[in-house]
Amino acid sequence: MKIRNNLTRHLHVNTQVFLYCSLLFIFISNKGICNYDTVNKGTFFEKNIKNKPIDLIEIIQLADQVKFSSPDSALNLYTQAYQQAYISKDSTSLVSALVGRAQLQAHHGQFGDAYDDYWNALFIADATNNNSLRVLVYHGLGWLYSFYEREELSKNYFNQAIQLLKADESIQRLLLVDNYYALATLARKKQNTALARTYLDSCLQVKKKYPNIQNDNSFINAEFGYNAYIDGHYQQALTTLIPLEQFFTETSPSYLVIYHYFMGLIHRKLGQSKSAEISLKKALKESKLYKSHADLIPLIYEELSQLFLASNKNKEAYAMLIQAKQFNESFYGSRNSKNQKILEIKDLYRKEKQRQKELIQQQELERLTQENHLNYLRALILYVALAAIILVSFFIYRNIRNKHKAKQMLLIQKQKLEEEKMQEVLEVKNKELTASVLQIIQHEETLADIKKSLAEQIKKPDSQKLNKLSKRINLNTDLNWKEFEARFIEVNGNFYKELNQRFPDLTQGDQKICALIKLNFDSKGMARLLGISTESVHTTRYRIRKKLGLSRTDNLEEFISQIG
């Protein structure tokens with residue numbers, strides 16, 4: 001950010017220095033201009049400016065008004081405005097004065113001076129980044145290059161002006177019409193009348209879109225007339241142009257040079273030699289009077305030469321041809337010191353602009369190189385930090401995972417040991433329970449034998465003794481069953497609880513049978529243990545199935561084994 005701010009300040013200072021130097025250079029290179037065509041006391045300039053407060057805009061507007069009627073005074077007005085604008089550092093007025101003076105110089109045939117003024121004006125317009133001023137300069141350069149038939153350069157400047165005007169509607173819309181009109185004249189000079197009419201239609205469309213633009217279309221209609229002449233429609237061209245003469249005479253007499261030149265061409269094509277000669281001589285007179293459209297003078301002399309030659313006036317034709325050659329050499333020849341600067345391509349503006357562009361590009365390249373270096377360092381630090389974070393995170397994760405794994409393994413081993421221990425305890429209890437059952441069975445068998453022996457001795461009974469013996473036997477049996485039941489509950493603690501919750505209708509005898517079924521006793525074993533018949537066991541089992549809600553296909557042993 002600090003580098004960028006320094007660069008911005010540096011560029012801003014460079015732009016200010018660049019603008020100041022350009023103004024200084026332009027002023028020094030032009031300071032002698034106000035000495036040519038110096039106006040004496042009592043001239044138009046003295047009468048209108050002397051002893052009045054100086055207003056740059058008024059001076060430039062006044063110069064625009066009189067540049068064709070009093071070209072010398074207008075030239076001094078533009079120079080005065082330029083000098084005052086330089087002192088007050090008014091870039092808008094400075095460019096307007098340079099452009100106005102350049103237009104006047106171009107009409108006088110002073111193309112070298114016009115070239116310098118236009119490029120100096122563009123130099124300032126670019127330095128101040130003013131598109132409105134750029135449009136004025138591009139328009140003037142387009143016309144200047146057209147005089148030297150540099151068509152591509154000329155079209156390029158007109159099109160640049162149009163692009164700026166389309167992008168910024170705050171710029172005066174009449175300038176858009178002017179540039180389309182200029183392109184139409186270029187197309188007409190190249191005999192491309194279809195393209196010329198397209199540009200003229202664009203002029204009319206712009207004027208229709210913006211009604212506040214000047215309503216009169218005389219210049220546009222004149223161009224339609226010239227294009228009709230080029231297409232061979234001479235009578236149509238004459239019909240279009242004749243009504244326009246009064247307008248040009250009253251509002252823009254300098255334009256009569258072009259008007260009468262074309263009228264001469266049309267009369268000649270129609271075989272009206274006298275009318276053609278009159279029109280062409282009027283064009284020459286108006287060009288000299290208003291010092292305007294000097295580029296047409298050689299063409300007018302050539303047309304007069306052809307006209308005199310067709311009338312067998314060879315001497316006059318030769319004289320006109322010599323005049324045409326002299327004017328061609330005067331305005332466009334390399335021996336003319338005023339135009340030699342153009343042919344030598346002395347373009348300080350473009351060289352300086354290129355130097356500035358290269359300097360800015362170099363500074364931008366250095367800035368980008370520094371930024372790339374900083375970005376590389378930032379990226380490197382970021383990647384290293386990310387790699388470190390990932391590595392540390394990996395080790396932390398692996399450590400946590402290993403600890404979790406170790407805890408999990410320890411827990412599994414602990415659970416396994418507990419299960420093994422419980423299994424061992426269960427096996428011991430089951431063994432004890434089985435031994436207890438076997439012991440009960442053995443007691444029952446012993447008791448059964450005693451009862452049998454007693455039954456055999458019943459013939460000599462001792463009833464009191466026998467009753468005591470019988471009670472003792474029954475008590476022993478109940479005690480044995482209670483002992484069995486206590487051990488059974490110890491091993492299968494939830495069996496009776498779940499059985500009572502799910503099937504509360506079961507009797508105590510039913511529960512005993514269920515307990516023995518869980519221990520996989522068969523019916524015979526149950527009968528022996530409980531001291532009942534096998535048929536009674538079967539009956540009890542049937543009753544239990546009904547209470548449990550089992551069908552014939554259901555297995556009683558599997559159902560009871562899942563309880564508890």
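Trainee: How many helices and strands are there in the protein chain?
Mentor: The chain has 25 helices and 0 strands. Keep in mind as we go that this is a predicted model.

Trainee: Okay. What share of the residues is buried?
Mentor: Buried residues account for 40% of the 564 in the chain. The exposed surface comes to about 33600 Å², and carbon and sulfur atoms supply 54% of that.

Trainee: And what share of the contacts with a separation of 6 or more comes from residues 24 or more positions apart?
Mentor: That share is 61%.

Trainee: Let's zoom in on α11. Why does its length agree with a helix of 13 residues?
Mentor: Helix α11 runs over residues 218-230, and at 1.5 Å a residue it should span 18 Å. Its end C-alpha atoms are 19 Å apart, so the two agree.

Trainee: Which of its residues are buried?
Mentor: In α11 those are S218, I220, A222, E223, G225, Y226, N227, A228 and Y229.

Trainee: What do they pack against?
Mentor: The buried residues of α11 pack against α9, α10 (193-209), α12 (234-241), α13 (245-251) and α14 (256-269).

Trainee: What follows the helix?
Mentor: G232 comes after α11, and its phi is positive, near 90°.

Trainee: I'm curious about R188 on the α9 side. Is it buried or exposed?
Mentor: R188, which lies in helix α9 (residues 174-189), has 9% relative accessibility, so it counts as buried; the cut-off for that is under 20%.

Trainee: And what does R188 touch?
Mentor: Leaving out residues up to four places away in sequence, R188 touches A196, E223, Y226, N227, I230 and F262.

Trainee: Switching to aromatics: how many pairs does the structure hold?
Mentor: It holds 19 aromatic pairs. One of them is Y229 with F262, an edge-to-face pair at 6.1 Å centre to centre with 80° between the planes. That pair links distant parts of the chain, with Y229 in helix α11 and F262 in helix α14, 33 residues apart.

Trainee: Are those two buried or exposed?
Mentor: Y229 is buried because its relative accessible area is 13%. F262, at 5% relative accessibility, counts as buried too. F262 also forms an edge-to-face pair with Y261, at 5.4 Å centre to centre and 75° between the planes. Both Y261 and F262 are buried.

Trainee: Which residues do ring pairs link into a cluster?
Mentor: That cluster is made of Y115, W119, Y138, Y145 and Y157.

Trainee: What about charges over rings?
Mentor: R101 lies over the face of Y82, 5.2 Å from the ring centre. The charged end of R173 sits over the ring of Y210, at 5.7 Å from its centre.

Trainee: Last one: what does UniProt list for residues 376-397?
Mentor: The unreviewed UniProt entry lists them as "transmembrane region". In the model that span is 100% helix and 0% strand, and its end C-alpha atoms lie 31 Å apart.

How values were computed: Residues numbered from 1 in each chain as written. Predicted model: local features only at pLDDT ≥ 70, side-chain atom pairs only at ≥ 80, totals over all residues. Heavy atoms only, no water. Helix = DSSP H or I, 4+ residues; strand = E, 2+ residues; numbered from the N terminus. Buried < 20%, exposed > 50% of the residue type's maximum accessible area, 1.4 Å probe, protein only. Contact = heavy atoms within 4.5 Å. Expected span 1.5 Å × (residues − 1). UniProt positions renumbered as here; feature names shortened; annotations may be inferred. Phe/Tyr/Trp six-rings, centres within 6.5 Å; stacked < 30°, edge-to-face > 60°. Lys NZ or Arg CZ within 6 Å of the ring centre and 35° of its normal. Areas by Shrake-Rupley, 256 points an atom, 1.4 Å probe, with all protein chains shown as cover.
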